[in-house]
Amino acid sequence: MMSSGLNIWMYSIFFVLLCVCYKSPARNRDTLMELSLQEYFSILQTGKTSLVYFSQDVSADITVFLEELKKAAGPLHNYGISVAKVNCAEEEASKYCGKENDLTKAYLFRGNILLREFPTDTLFDVNAIIANVLFALLFNEIKYITSLEDFENIENAMKGKTNIALIYVRAIGTPEHRAVMETAFVYGTAYQFVLTTETALLEGIGAENSDIISGRLFFFHCKLVLDLAQKCQKTVLEQPLTILNIHRFLKLMDAPLLTEITEDPEKVSTVHLQLGLPLIFILSQQATYEADKKTAEIVAWRLLGKAGVTLLLKDSSDLNIPAHTNVIFKRAEEGVPVDFLVLHDVNSIISRVENNIPIQNNELAKDYEEGEMETLNLGIQDDQVVETVYRDRKRNLPLELIVELTEETFNSIIMNTSSSIILFYANWEAVSLAFLQSYVDVAIKLKGVSNILFTRVNCGDWSNVCTKQNVTEYPVIKIFKEGEKPVIYTGMLETEYLLKFIRLNGISCPVKIVTIEEAEEYLNGELYKELTSYSSVSILGIFSSNMTKEKENFIEAGNSLKGYVITGFYDEEDALILSKKYAVTLPALLLARHKEGKIDSILLPNSDAKDIVQIIKSALLEIFPEITVENLPIYLGLKKPLLILFRDGNLNYKDEIEMLHLVKQKHLETLIPCWLNLKTTPVGRGILKAYFKHLPPLPLLVLVDLHLRGQVSAFPLDQTINEKNILLWLHRVEAGLESPITTLSDEEWKPPLPAYNFLSRMDATVPYTEIAQFPTQNMLRCARTTDPQQHDKGHSEDKSAFRKEAT
Amino acid sequence: MAPHKGSQGLLLTLTLHSALTLSPVPGASLFPQWDYCILGAGPAGLQMAYLLRQAGRDYVVFERAGAPGSFFTRYPRHRKLISINKRYTGKVNSEFNLRHDWNSLLSHDQRLLFRHYSKAYFPHADDMVRYLGDFADRLRLQVHYNTAIVHVTLSKNRRAWNGHFFILTDQRGQGYQCSVLFVATGVSVPNEIDFPGSEHVEGYESVSVDPEDFVGQNVLILGRGNSAFETAENILGYTNFIHMVGRSRIRLSWATHYVGDLRAINNGLLDTYQLKSLDGLLETDLKDLAIVKDSKGRLRITLPVFMAKANKNATAEAVSLPQDEVDNFAMRVPYDRVIRCLGFTFNFSIFSSTLGLAPGKGQKKKYPLIKASYESKRTRGLFVLGTASHSVDYRKSAGGFIHGFRYTARAVHRLLEHRHHGIPWPSPVYPITQLTNTIIRRVNEASGLYQMFSVLADIILLKEKATGFEYLEEYPIKMLAELETLTGREAQQGLFVVTMEYGKNFSGPDKDVFYYDRAVGDVEDAWQSNFLHPVIYYYHCLPTEKEMASRAPGWPLPRPVAIHHIVEDFLTDWTAPVAHILPLRRFLENCLNNDLRSFYAESCFLFALTRQKLPPFCQHGYMNMQGLVGNERLRRHGIESGLMEDYTAINEQPVDQKQGDPRIPVHLTQHATSIKEEL
């Protein structure tokens, strides 16, 4: 994709070209004029430059030439050169018409002065015509040389005056030659252009690769050189010689070598960024300014044409730059955050840039070659859920515990059952069928335990029912209870979680506690003994009887947590007894953690239902949790880096002590300290393999920063995991002194395989004429966004040439 | 709004005229008025009335007869409908079953399905009359019976919805004022043809239906549509022979896939003709015929030129006959009866010329010319519904028949709900993870797409960054360029169009639809599918009107960015995981440049800790605590298929750890490689 800066810059080139062409009269702008001798003479009188071909009669090889001449007329016109063909046959002979052997020549005039005659075989195609004509016109501006000596003379003459662009092209009249000539025409005398076709000369100036097969451009920085004995610094254009590349390159050569700023690097914009190149900030401070500047200059010279270099004065700016950072790397893509780096020498800066050549963010999916398509088997299932369900298709699920509802029975069964659960699925949809198996398992487990009625609706059959129930995806699970609003299950599609949800839905939520004794039973887990295994925490809201509003909010919060945690409230006259016992002022929450046998209290001042839900949710978070497949999303939602202790088995007491101590000291507040048990979460092995390529020895402490840059750092294996070492290591990571083990890919998810390209197959078989009638949609943008250049039809050809190179 | 009934008695024809010429006081109408008026209480009129009633709109239906569906009280003359009444499909999905129910109108009332009205596969027309009567009654549709609108004109008014009101006059001279007018009067005027001797011809509309009246007769039938064959079928066993003459070759509906062409149920005469039983078919332009009645009262076929040559008062015997010159002339036998069965035309006569309701061109001249939105080209607010609207898809789809126009009426209603009431086209929003599912559901059950193939299409409008989409059902495909203004929905982020199509070269009167190997089974060749199958087009932006106008012949839409065909299916059941769903998913993925696979929670967990971005399925489900955890059985299948890894089986001891002291070297090499990777 093109950056907008580049766009603007390209338009400015068009503007230059436009100015050139508007000088000339508008008549017959882009076409090859066919003139009589009379007209031809009158044109010569105008003093304009013109390329004229005198035509005697048209033989076959001449028609090819005329075609090319016609193509060249438009571009040449932009440079104020008219192209004409004079018909000799009808008129009396001119001296150019006369002789047989002159037939194969074209003539370049300025006014009526003949500048040059070209044998038509040198004008073999449109590129050759334009290159040769411009070359002839720029005879004084562009020096053509053949020896190293010639070049040294020019170099010496230009020192302190003008920079030199030395260009090697393989031959005169090539597209590269044309590109050079067109650029030179625009830049004129801003540089000394030198052209050569001798490879020997290149070896003389020390070009690295002597067997050069394509054109090269060397920029000699002679303007800065005041001492005649000194050589001019040299920079090579590393891209192919095209108009755009040359323009870009010259623009970069013109930019100041090194700039100094004090502003925020995020906000800086320079010509480099606009041209899609990165920008390097070398951090400096007053004390080391001179030395830093020298380093920066060295870097700038080495990166000339590849990146911009800027000296950032740290102490005169109050920027938020991490300590130890000495280099900042800013990419040209907008919206990409800058990288703060700690680099120790110039080479590492250079390699950083050279290896970070912007990746073309190709929006369109990969194009596959014909042959390549055949080797890919598009018919092989790569969706794990679909495949597993398909492989299980012959199994008969024991569905007898689950009532199938139909359009006719839906209402009557749901209305006449005190409590029922409905699974909406589609008999052809894999995800919902995979879950149907878990659903059956839950029904089996709850058989005889719960009086809830298990039902299902196959949306493949009863799509009307599903539409009415607002089912827009599969599966959807709803619990209907007499006299209550239906509750939609939003938890994991899994047996245990659904079981818990159903069980906890069995009690009203929040439950009203009426006596102090009951409250105590509730808190010590006696009251809902059979449910405490599903909700390890019971929550009790305590209110004095006049706190109506607070109580309402709590009830609302309890309702929305229904099925996930047990909640209850106590608002009797003697609520103060509880308040005193647990030393809280009312309103308050008591959290009974049954596993630990511990009761925490939280004050509830002025909280609405949403806040209360949030308070309860965060109170349910553990301080050093075991990360599992099921609970990871909760902790990732906190958007902090994870500090994971990988263990092959349960926590050992020592690790726990060290980690818990750190946690309790609040040293790890910016992180989520947690641990992962490979025995219960075997996929952890897959994660370690991704980090380390193979399994490292355990236990292992890893810091995973998913939200910023995706860096993964590992606690050094040769150190013991203790409080001090952990803290030290974390500091080093934060300071950027620890290199990450790996950086997680930020690649987008792409189609795993291509699709059949039916459109191209149709194109290949449907007769061509029919296809030709298809208006082809603009593949990249919609018709509505008009191209600002569109109105200028005369330059569409040049423009498309630019486009091709720029994209 | 209640009609101004009080003024009704005062009105006379005289005041009606003055009311039209002197523009009425703004806001105060002299006539009873409604927002929506429907002409005709046939199936299309009642369908629209139902939709308007459900939406709570101010509407009325005017019906010339005393009950709905008066066309069906006379036609078809032989009383057998050729629209199938398929009572059993083996499926319970009511939307799917409408694909095979050609007679019911759309309503919420399950009792109003035609299968409850007849057991016959080809039902009796009286059942249709009874059905339509029940439909109007049960749904309490507001119909003014015995009100024949004899004139329709316009009255300009700046305050009217469309800048004018429609002024209707009934047979009693009573006027009515409407903001929007639906013409659902069908095609009711029998086509006649004028040639010398055409006065001797009987019409389909009045010919005897008693076969006994044809005993031992020679019968010539003009025309070769379903009414001609229906007439022939009735008398086949009573006549000496039947000759049937028409201009074009016979069009069999099984070959053309057009339900209006000759249906197999009527084609007995084709059988007897080809099995040499004296009956026969002839191709001649009817304009080249002339009939003279001889002295015995029998009808002889001759040519108009011979009639012109003969003296006006000359006896029939004096007119020369073709067989006088060519003695083997095919129609040289005298006929006892000539019956005209040439179909019907829309009644244009009641519409004032200011409405600009003009006939279509060529074959479509029996229908008024309308836009693909069913609105008149000239008059805003004037819509043609039902059979009369068939110019949109004549000889292509089912828009001229109940099982087609019930859907086009619904489309028109949705357009008007947006235009006049600010209610955008219904478009539920789904997460992108449901894209494949939603399309699969629709192509498997949607009846509007199936019946109105290539005319109505489902449109999927992508949300920004393709995180979700809106789904618009059964939109008139030819109006795609104007989708935003017509529906009130935005199509800025790309769109899919879901249609159903027959193969491009499969249908036609001269096509062999039974050729060997006609069915495509290979997914790779899906685009060559012949039988009706789903096709999905992808565009970056809405096609422009210009692009719509310059479509390639045979294409319902301009060239898309990408196209997908779901391979034709013998059972029209497109739920096969590998043959139907997988290629569709790949197509959608490649259009969106995304990964639309589903994953178990364990895979999402791995992605969440090893990649910075998640596939949409994990992002939408797992990250919202709704991950899918398969049971052990499914997990085993996953591992066997190679799509899931058995992490418990990963060797716990790294290979290189077994030699020497592993800890430090392992760490260091890791360190070095990771640096290299980063640079």
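**Reading chain B: terms and values**

Modeller: In chain B, 66% of the contacts between residues at least 6 apart in sequence join residues at least 24 apart; contact means heavy atoms within 4.5 Å. This is a predicted model, in which local features need pLDDT of at least 70 and side-chain atom pairs count only at pLDDT 80 or more, while totals for chains, interfaces and linings use all residues. Residues are numbered from 1 along each chain as its sequence is written, chains are lettered from A and ligands numbered from 1 in the order in which they are written, and side-chain values use heavy atoms, with hydrogens and water left out.

Biologist: How many helices and strands are there in chain B?

Modeller: Chain B has 20 helices and 22 strands. Both are DSSP runs numbered from the N terminus, helices being H or I with at least four residues and strands E with at least two.

Biologist: What makes β18 and β19 of chain B a pair of strands?

Modeller: Two strands pair if DSSP finds at least two bridges between them. Strand β18 (residues 456-462) and strand β19 (residues 468-476) of chain B have six bridges, in the antiparallel sense, so they meet that definition. L456(B) stands opposite P476(B), and L462(B) stands opposite F469(B). The two strands form a hairpin with five residues between them, and K465(B) in the turn has a positive phi of about 60 degrees. β18(B) also pairs with strand β20 (residues 495-501) of chain B, over four bridges; there the bridge partner of D458(B) is V498(B).

Biologist: Why are β17 and β22 of chain B said to stand at the edges of their sheet?

Modeller: The open sheet has six strands in the order β17-β19-β18-β20-β21-β22 (chain B), with antiparallel pairing. β17 (429-431) and β22 (562-565) of chain B each have a single partner strand, so one side of each is left without a neighbour in the sheet. From one strand to the next, the twist averages 25 degrees.

Biologist: How do you know that both faces of β18(B) are covered?

Modeller: In a regular strand the side chains alternate between the two faces of the sheet. Buried means under 20% relative accessible area, exposed over 50% and partly exposed in between (1.4 Å probe, protein chains only). On one side L456(B), D458(B), I460(B) and L462(B) are buried, and on the other A457(B), I459(B) and L461(B) are buried. Seven of the seven residues of β18(B) are therefore buried by that definition.

Biologist: Why is T408(B) called buried?

Modeller: Its relative accessible area is 2%, which is under the limit for burial, so the term applies. T408(B) is found in helix α11 of chain B and touches Y374(B), M452(B) and L456(B), not counting residues up to four places away in sequence. Helix α11 (residues 402-421) lies across β18 and β19 of chain B.

Biologist: Why are α12(B) and α16(B) called oblique to each other?

Modeller: Angles run from 0 to 180 degrees between the N-to-C directions of axes, which are lines fitted to C-alpha atoms, for helices over the stretch in contact. Those under 35 degrees count as roughly parallel, over 145 as roughly antiparallel, 65 to 115 as roughly perpendicular and the rest as oblique. The axes of helix α12 (residues 435-445) and helix α16 (residues 577-592) of chain B cross at roughly 130 degrees, and the two are therefore oblique.
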